[in-house]
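Please view the sequence and the coordinates first.

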Amino acid sequence: MDGVPSITQCPVAPGESITYTWRATQYGSTWYHSHFSLQAWDGVLGGIVINGPATSNYDEDLGVLFLNDWTHNTADQVYLSAETSGPPTLDNGLINGTNTYGSLGNRFETTFTAGNSYRIRLVNAAIDTMFKFMIDNHTMTIIAADLVPIVPYTADYISIGMGQRYDIIVNASESSGDYWLRAIPQTTCSDNAEASNIKGIVRYSTTSTSDPTTSAYSYSDSCDDELISNLVPYLSLDASSEVAEDDFAVTVGRSGSLFKWYMAATTFVAEWDNPTVLQIYNNETSFTTASHVIELDTADEWVYFIIETTATVPHPIHLHGHDFYILAQGTGSYSSSTVTLGLTNPPRRDVAMLPGSGHLVIGFPADNPGAWLMHCHIGWHTSEGFALQLVERYSEIAGLMDFDTLNSTCAAWDTYVSAESIVEDDSGV
Ligand SMILES: [Cu+2]
């Protein structure tokens, strides 16, 4: 029960609070954010670090480093044009919540001690920007993808999609100087008015105040994930043969003047005041078509999801409640006769890119009872209905719920909605 409104709880009314208590069964770097409307993209987010072993050594943990895009109007204001005219050019970007704009603002800065090595926990918390992240003159060793430790590999830069995390280790391999740290929007799928200015500074002297004069590593602009062959989980697990399979064509269309996204011809809408787990609590078994419930009833049964698009826009596909196995990811449509699934220790994570005009095949066992959202992590697309939900092991869910909190949260929400005449105007997630 991870706090998604319309799925696992009612939204938290203004002035109310909710406390989440959970047992961490994994370790590594992740983040939390509001799932109500577009609040996350106005800054209702933060990092989560769960300590545990790493697959490579380092001297110092610098913690979470957020990469964001940014709009000068609120995301809610911008949404009004996004849903009628398509995704807008965003105004700027932020490194850990800060950047310059003209003569205003300040850059993120950090100081390295020559010879030391630093762990940085990257989070792409952008609403609609895929970044390449790099630090000039410094290579990196990548040790985790989302919450999954991987066999370390080295690179000059890393591609990080919306919602994804990477843990990297950077050696302070220079002896002095100032170096740009860059989050570069990939123009293949992202538009940003300050694309070359989303930068921070790595210094070797705390007293230096000069801007770096260093150059970026060369790269080719793309919105592709890191290669499957590089994302090798340190704990080797093989995927099992499927027992069930679902195929979801991703399409976009208009409902009146508004863009809506569809998976298998359904654009997602769930109700803030009637979350899925409340329906389960009330023993309801027929869900609305628009709430796009996929029921997984058999414990530990393997399911494969085939997600395909014929449009050129790539999408970061995120599943709550699971690390899925990436069985295939590529361009063109999926066919079992032309695409070979990788079942031997494939990458596991919780966000993967569906390539433009391409396919993504993910698989996972039904080993986590609950109601779990799957959605595109582009904020506009989530609100425009690019989502579905799993009801995983229905009969076990009620026993895992905290009814008192569910009911009191919903009661406070209902009171607020009737007092303020609040109307749900998006997908509810
Ligand atoms: Cu999308």
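Of the 429 residues of the chain, 44% count as buried; a residue is buried if 20 or more other C-beta atoms lie within 10 Å of its own, exposed if 12 or fewer, and partly exposed in between, with C-beta atoms placed from the backbone. The model is predicted: local features need pLDDT of at least 70, side-chain atom pairs count only at pLDDT 80 or more, and totals for chains, interfaces and linings use all residues. Residues are numbered from 1 along each chain as its sequence is written.

**Overall fold**

The chain has five helices and 26 strands. Helices (H or I, at least four residues) and strands (E, at least two) are DSSP runs, numbered from the N terminus. The radius of gyration is 22 Å, close to the 22 Å that the globule rule gives for 429 residues, so the chain is as compact as a globular protein of that length. That radius is taken over C-alpha atoms, and the rule is 2.2 Å times the number of residues to the power 0.38. Along its principal axes the C-alpha trace spans about 65 × 50 × 40 Å. Of the contacts with a separation of 6 or more, 79% join residues 24 or more positions apart; two residues are in contact if their C-beta atoms, placed from the backbone, lie within 7 Å.

**Core**

The largest nonpolar core has 100 residues, of which L67, L122, I168 and I362 touch the most other members. Domain 1 (28–230) and domain 2 (244–420) both contribute residues, so this core lies between them. Such a core is a set of buried Ala, Val, Leu, Ile, Met, Phe, Trp, Tyr and Cys residues joined through C-beta atoms within 7 Å, and the domain bounds come from an automatic or database domain assignment. Leaving aside neighbours within four places in sequence, the contacts of L67 include I95, L122, F131, F133 and I160.

**Strands**

An open sheet of six strands runs in the order β17-β16-β19-β24-β21-β22, with mixed pairing. Its edges are β17 (258–263) and β22 (348–349), each with a single partner strand, so one side of each is left without a neighbour in the sheet. Two strands pair if DSSP finds at least two bridges between them. In β22, R349 is the bridge partner of F324.

Strand β26 (residues 387–392) has six of its six residues buried, so it is largely enclosed by the rest of the structure. A387, Q389 and V391 point one way from β26, while L388, L390 and E392 point the other way. I294 stands opposite L390, and L373 has Q389 as its bridge partner.

| Strand pair | Sense | Bridges |
|---|---|---|
| β21 (residues 324–331) and β22 | antiparallel | two bridges |
| β18 (residues 293–296) and β26 | parallel | four bridges |
| β25 (residues 370–376) and β26 | antiparallel | six bridges |

A145 lies in strand β10 (residues 140–145) and counts as buried because it has 29 C-beta neighbours inside 10 Å. Not counting residues up to four places away in sequence, A145 touches I150, Y166, L231, P347 and R349. Its C-alpha atom is separated by 13 Å from that of S229, 84 residues apart along the chain.

Helix α5 (residues 403–420) has 18 residues, which should span 26 Å at 1.5 Å a residue; its end C-alpha atoms are 25 Å apart, which agrees. The expected span is 1.5 Å times one less than the number of residues. Just after α5, S421 takes a positive phi of about 50°.
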